[in-house]
Amino acid sequence: GKENSKVKVGNYVLVDESAFEWEATEEGAVLTKYTGAETVIELPAQVGGLDLVALGDNAFVGTAVVAVKLPDTVKRLGYKCFTYVATLVKIELGSGMEVINDGCFEGCAALTEIDLPDSIHTIGWMAFTWCPIESITLPANLQNLAEGVFTFCAKLESLTIPGSVTTIRELCGGCDSLKTVVIEPGVTTLEYGAFNGCDNLTEVNFKEDATFIPDNICKNLTAL
């Protein structure tokens, strides 16, 4: 992914397996719990002779990490992997990332930006809920975009949804700063309340006519 331009952190410390618990799977190594003291960390590409392929469920919950850089070998972030890690300001995902699971960054109150590589095809339910992200570019090859991914992202101002996502569900409820949404060709279905409660949304730009656009796509919307 691109280097974040706004958020600056100190030098990353490359940690080894003494700083985390892990388990071996047929796919490779999975980091199950971070136990180290370092807070600006880079994770190794190999653990015990195996590629590090995933961060497990709740792997960083309760930690005080500030920034985490992942190797290109990591394909998957587990359920609620970083949920409510209030200190996290920066996460660098590798070029091999494919899946961000449900609630992965929910409640990360200092996470203002994140670059999502185009290798990602799935972003789970409430993955970025309550994050102060200001802008985000969704991956060009994204296929599965779950409900509530950006719910209550109060600082999110603009969003472009790639055409690879054919259906948009209730996505951005309560995004008070959201003003512009661009929907690329390929999106065919917008479900009930897709932008429910985004009271300052003034422009929804359809690059191509969608098959189904319900009247209440922007329920409670006054500015459109």
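Reader: Is W130 buried, partly exposed or exposed in this structure?

Author: In this predicted model, the relative accessible area of W130 is 44%. Because a residue counts as buried under 20% and as exposed over 50%, the value for W130 falls in the class between them, which is partly exposed.

Reader: In the hairpin of strand 5 and strand 6, which residue takes a positive phi?

Author: Strand 5 (residues 46–47) and strand 6 run antiparallel and are joined by two bridges, with Q46 having D51 as its bridge partner in strand 6. The hairpin has two residues between these strands, and the residue that takes a positive phi, near 55°, is G48.

Reader: Which residue of strand 8 is the bridge partner of A54?

Author: Strand 6 (residues 50–55) runs parallel to strand 3 (residues 29–34), to which three bridges join it, and A54 is the bridge partner of V30 in that pairing. Strand 6 also runs parallel to strand 8 (residues 76–77), with two bridges between them. In strand 8, the bridge partner of A54 is R76.

Note on methods: Residues are numbered from 1 along each chain as its sequence is written. This is a predicted model: local features need pLDDT of at least 70, side-chain atom pairs count only at pLDDT 80 or more; totals for chains, interfaces and linings use all residues. Side-chain values use heavy atoms; hydrogens and water are left out. Buried means under 20% relative accessible area, exposed over 50%, partly exposed in between (1.4 Å probe, protein chains only). Two strands pair if DSSP finds at least two bridges between them. Helices (H or I, at least four residues) and strands (E, at least two) are DSSP runs, numbered from the N terminus.
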